[in-house]
Amino acid sequence: MFRSLQQRSLSLLPAVFRALDVTAPSALNGTELLQNVAFLSHVVQQQQRHFSSRLYTSEAADNWRSIRDSFTSIIVDVENDTGIATVTINRPESLNALNTKVMEELVSACLYLDRQHPAARVIIITGAGDKAFAAGADIKEMATLSYSDAYTRRISNGWEALRSVRKPVIAAVNGYALGGGCELALLCDIIIAADTAALGQPEVTLGVIPGMGGTQRLTRAVGKSRAMEMILTGARVGAGEAARIGLISRVVPAADLMTEVRKVAAKIAEYSGPVIGKAKECVNAAFEGSLSEGLAFEKREFWSCFALEDQKEGMAAFLLQLDNWFSSFKMAGLRSGIALTAMMMMTVALCDLAPSVQAASSLPRSRKLMQATATASASASASASASATTTAQQQHPVTVTEVHPVVVSPFHTVSISSTAASAAVSTDLKSILLGCVASGDYSAFSTAAASAFAAAKGQYVADVCAEVYSVTKATAVATAFAEACTESTSAHAVAVAEAVSHALSISPDFADACIVTFKPAFVVALSDASAQAYEAGAAAAASAFAQASSMFIQKGHTELVSGAFAKSFSNGSAFSKATASSLGGAFTAQPHMLCGAFAQAGAQATASGNGSAFASAAASANVSC
């Protein structure tokens, strides 16, 4: 019966691959099949991500609806499938003039989309109608203000909040962008204008100067001389001239403006959100700081990309020659179901290919490539195939040199092991954590996390917690993560240290939520456990603890590590010196930050009579304080 199932699977594969626009394996080759299992598991994984991005808690959904429906001066539309959010200034009768109400609503909408709306990945700002993006500030509102009024109310200050938006913001300039309208466009990351658009800073004609950043951002965009001419004369420039002098990105026909802007937004939305955010921050650093500061910032952000699963997956996909890796993730649910079917077919086909699978064991892969889960909609049909596939695996064992989990159903993976020809089914940690969020009881997660730490999968635990937190915004997720780390510290210090450093680097929001739950006693315990592991032969313990400590320091919480340093460095052990050396390497570009932490720790060590021993160990950091 199994032979018949295997033959049937292989005969159907070409048709399934045609439906997916994916090249079918040319021959019965384990390496090619394994590559395609990895790729298709990503297709299914991405469908779950899109599904999860729409899973609001009822409270969050109600909050968003009430906020959106309260807007009277703007219209907000979010497309969950594409990740594009459009904010339209809706005052066409006054050429979308910017008054206090518009500012409050537009800033509130953008900040919410950036921080609390998981489906929104790119924000477009435009104006209603075809005459104006925003023709400037509302003169009626400002005409009678006194100096005291302007100073006390801090008029125009609110717009600067848009600078804190991490997601990309595109200005679709569909007409006049004058005064405050031009300054609003300059606050955006990309400006694309219709050929009918006109931009300028005519404030001097009204007896004032630009007050929303025009004198600063316009000068940086077009240079001093041209900025002076535009601001001092109040002259407007057309879209073509604006593109020529670098004020805007490009010009498109007015009728095609939103189509072209959406193409750009859709392209950006295909890529990793954290990576896009890092790239945006680096460009802004170049715009606002010196070259040396910008280069240093870029290097740190580039290095931090290697803490992301997206980097692992993207480079693995490149090495597997999956050219359409990103765009393939936008498949419809039907294609996800087809992909899941194909994965199960290939898993069956792999069961008789021990030599080929063993040869393929050196293929690069990340945890997510081979531990993907599927959308909820595919679970019923896939679960029915799980038992048959597992039975087939037991009847036709495969022996390889590594353990490679292969997806066979939405919530299960089969591990093909080198030590035993059997199928081990493991429960997905993310599914457990989502269930805990719904129930409010995190005991099941604690148990599952402990097992993951025991399997040296600390970074995996951090990834799951950060992803679930980004969707639910449940502070209990960060608390559960911290408690799980605390419970596993003594037994699995290296995995816990890796989880902590990874959690503090992959998501600013999750890091902020986590950092308030960690206590100095936890870091001291982690230091002690890491030292024991190091002395027992775990050479990675020192670097893992140093990495976790460096993240606490970089986040501005030296008080969390000073006690651990004071205690650890005072014993003069090999672990202490190795830790200090690793810290010195991590803070080569910012030694002052490490010096601050050492100063606090040294004071504590001196107070307890261990100042000399501490200084000796700290010297291994090789930084000049």
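# A walk through the model

Select α21 and helix α23 (residues 493-506): their axes come within 7 Å and cross at roughly 35°. The crossing of α21 past α23 is right-handed. Now show the side chains at the contact. From α21, pick Gly-458, Gln-459, Ala-462, Asp-463 and Ala-466. From α23, pick Ala-495, Glu-498, Ala-499, His-502, Ala-503 and Ile-506. How do the residues of this contact divide into nonpolar, polar and charged? Six are nonpolar, three are polar and two are charged. Two packed helices are described by the angle between their axes and the distance between the axes.

Keep in mind that this is a predicted model.

**Zoom out**

Show the whole protein chain. Its secondary structure comes to 30 helices and 13 strands. The chain has 625 residues, and 50% of them count as buried. Take the contacts between residues at least 6 apart in sequence: 72% of these join residues at least 24 apart.

Select Ala-456. This residue sits in the loop between α20 (443-454) and α21 (458-472). Is Ala-456 buried or exposed? Ala-456 is exposed, with a relative accessible area of 58%. Check the backbone here too. The phi of Ala-456 is positive, about 60°, although the residue is not a glycine. Most residues other than glycine have a negative phi.

**Stop: helix α19**

Gly-440 follows α19, and its phi is positive, near 85°.

**Stop: the aromatic rings**

Next, show the aromatic side chains. A search of the whole structure finds nine aromatic pairs. Look at Phe-518 and Phe-522. Their ring centres are 4.9 Å apart and their planes lie at 20°, so the pair is stacked. The cut-off behind that word is an angle under 30 degrees between the planes. A pair of aromatic rings is described by the distance of the centres and the angle of the planes.

Are these two residues buried or exposed? Phe-518 counts as buried, at 3% relative accessibility. Phe-522 also counts as buried, at 7%. Now widen the selection. Ring pairs link Tyr-469, Phe-481, Phe-510, Phe-518, Phe-522 and Phe-552 into a cluster.

Jump to Thr-88, which is found in strand β2. Thr-88 is buried, with a relative accessible area of 16%. Which residues is Thr-88 in contact with, leaving aside its neighbours within four places in sequence? Select Ser-73, Ile-74, Ile-75, Thr-126, Gly-127 and Ala-128 to show them.

Move on to Leu-95. This residue lies in the loop between β2 (84-89) and α4 (100-115). Leu-95 is not a glycine, yet its phi is positive, about 55°. At 30% relative accessibility, Leu-95 counts as partly exposed. Partly exposed runs between the 20% limit for buried and the 50% limit for exposed.

**Stop: Cys-110 in α4**

Continue into helix α4 and select Cys-110. Cys-110 is buried, with a relative accessible area of 1%. Beyond its neighbours within four places in sequence, Cys-110 is in contact with Ile-123, Ile-125, Leu-162 and Val-165. Cys-110 and Ile-124 are 14 residues apart along the chain, and their C-alpha atoms are separated by 9.6 Å.

**Last stop: Glu-141**

Select Glu-141, which lies in helix α5 (residues 139-142). With a relative accessible area of 36%, Glu-141 is partly exposed. Leaving aside its neighbours within four places in sequence, which residues is Glu-141 in contact with? Asn-99 and Thr-100 make up that list. Finish by checking a distance. The C-alpha atoms of Glu-141 and Thr-100 are separated by 8.4 Å, and the two residues are 41 residues apart along the chain.

Note on methods:
Residues are numbered from 1 along each chain as its sequence is written. This is a predicted model: local features need pLDDT of at least 70, side-chain atom pairs count only at pLDDT 80 or more; totals for chains, interfaces and linings use all residues. Side-chain values use heavy atoms; hydrogens and water are left out. Rings of Phe, Tyr and Trp (its six-membered ring) pair if their centres lie within 6.5 Å; planes under 30 degrees apart count as stacked, over 60 as edge-to-face and the rest as tilted. Buried means under 20% relative accessible area, exposed over 50%, partly exposed in between (1.4 Å probe, protein chains only). Helices (H or I, at least four residues) and strands (E, at least two) are DSSP runs, numbered from the N terminus. Axes are lines fitted to C-alpha atoms, for helices over the stretch in contact, and angles run from 0 to 180 degrees between N-to-C directions. A crossing is left-handed if the near helix is turned anticlockwise from the far one by less than a right angle, and right-handed if clockwise. Contact means heavy atoms within 4.5 Å. Ala, Val, Leu, Ile, Met, Phe, Trp, Tyr, Cys and Pro count as nonpolar, Asp, Glu, Lys and Arg as charged, and the others, Gly among them, as polar.
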